[in-house]
Amino acid sequence: VFRTNSAYARFWEAIGAWAKCMTTCRNMSLLVMGHIRSHSPKSSEKIMDLLYAFPDALYYSCLCGSAPLGERVRKPLRKYGVLAK
């Protein structure tokens, strides 16, 4: 029972962390669209592309590269030199 409860607690802790990550990305994108876009459209596009790719890149990183990194993530990472071509 203890192992089951511990596993359940870890599962819900991970769900909470993932939800916080998604909420933070969403809030950051709203801030970018509301405050940065009017002053610097190119910078805001870069930030939005990278924010869009971040959750999937984090997922890939958490699985130690065992899951394939999708093209949806690779494209902006290559575009801005974060990922080798």
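Helices here are DSSP runs of H or I of at least four residues, numbered from the N terminus. With that in hand, welcome to a predicted model whose secondary structure comes to 3 helices and 0 strands. One of those helices, α1, holds both Tyr 8 and Trp 12, which sit 4 residues apart, about one turn of the helix.

**Overall fold and dimensions**

- The C-alpha trace spans about 55 × 30 × 15 Å along the principal axes of the protein.
- Of the contacts with a separation of 6 or more, 40% are accounted for by residues 24 or more positions apart.

- Buried residues make up 16% of the 85 residues.
- The protein exposes about 6700 Å², and 64% of that area is supplied by carbon and sulfur atoms.

- Tyr 8 and Trp 12 form an edge-to-face pair, with 6.1 Å from centre to centre and 70° between the planes.
- Why does the pair of Phe 11 and Trp 12 count as edge-to-face? The ring planes of Phe 11 and Trp 12 stand at 80°, with the centres 5.3 Å apart, and planes over 60 degrees apart count as edge-to-face.
- Ring pairs link Tyr 8, Phe 11 and Trp 12 into a cluster.
- Is Tyr 8 buried, partly exposed or exposed? Tyr 8 counts as exposed because its relative accessibility is 53%, and the cut-off for exposed is over 50%.
- Trp 12 has a relative accessible area of 45%, so this residue is partly exposed.
- Phe 11 is also given a relative accessible area of 45% and is partly exposed.

**Gly 16 in helix α1**

- Gly 16 lies in helix α1, which covers residues 2-36.
- With a relative accessibility of 40%, Gly 16 counts as partly exposed, since that class lies between the 20% and 50% cut-offs.
- Looking back along the chain by 10 residues brings you to Ser 6, and the C-alpha atoms of Gly 16 and Ser 6 are separated by 15 Å.

**Tyr 52 in helix α2**

- Helix α2 takes in residues 41-62, and Tyr 52 is found there.
- Tyr 52 counts as partly exposed because its relative accessibility is 46%.
- How far apart in space are Tyr 52 and Val 73, C-alpha to C-alpha? The distance between Tyr 52 and Val 73 is 7.9 Å, although 21 residues separate the two in sequence.

- Where is the place of Ser 66? You will find Ser 66 in the loop between α2 and α3, the latter being residues 71-79.
- A relative accessible area of 60% makes Ser 66 exposed.
- Ser 66 and Ala 7 are 59 residues apart along the chain, and their C-alpha atoms are separated by 22 Å.

Notes. Residues numbered from 1 in each chain as written. Predicted model: local features only at pLDDT ≥ 70, side-chain atom pairs only at ≥ 80, totals over all residues. Heavy atoms only, no water. Helix = DSSP H or I, 4+ residues; strand = E, 2+ residues; numbered from the N terminus. Buried < 20%, exposed > 50% of the residue type's maximum accessible area, 1.4 Å probe, protein only. Contact = heavy atoms within 4.5 Å. Areas by Shrake-Rupley, 256 points an atom, 1.4 Å probe, with all protein chains shown as cover. Phe/Tyr/Trp six-rings, centres within 6.5 Å; stacked < 30°, edge-to-face > 60°.
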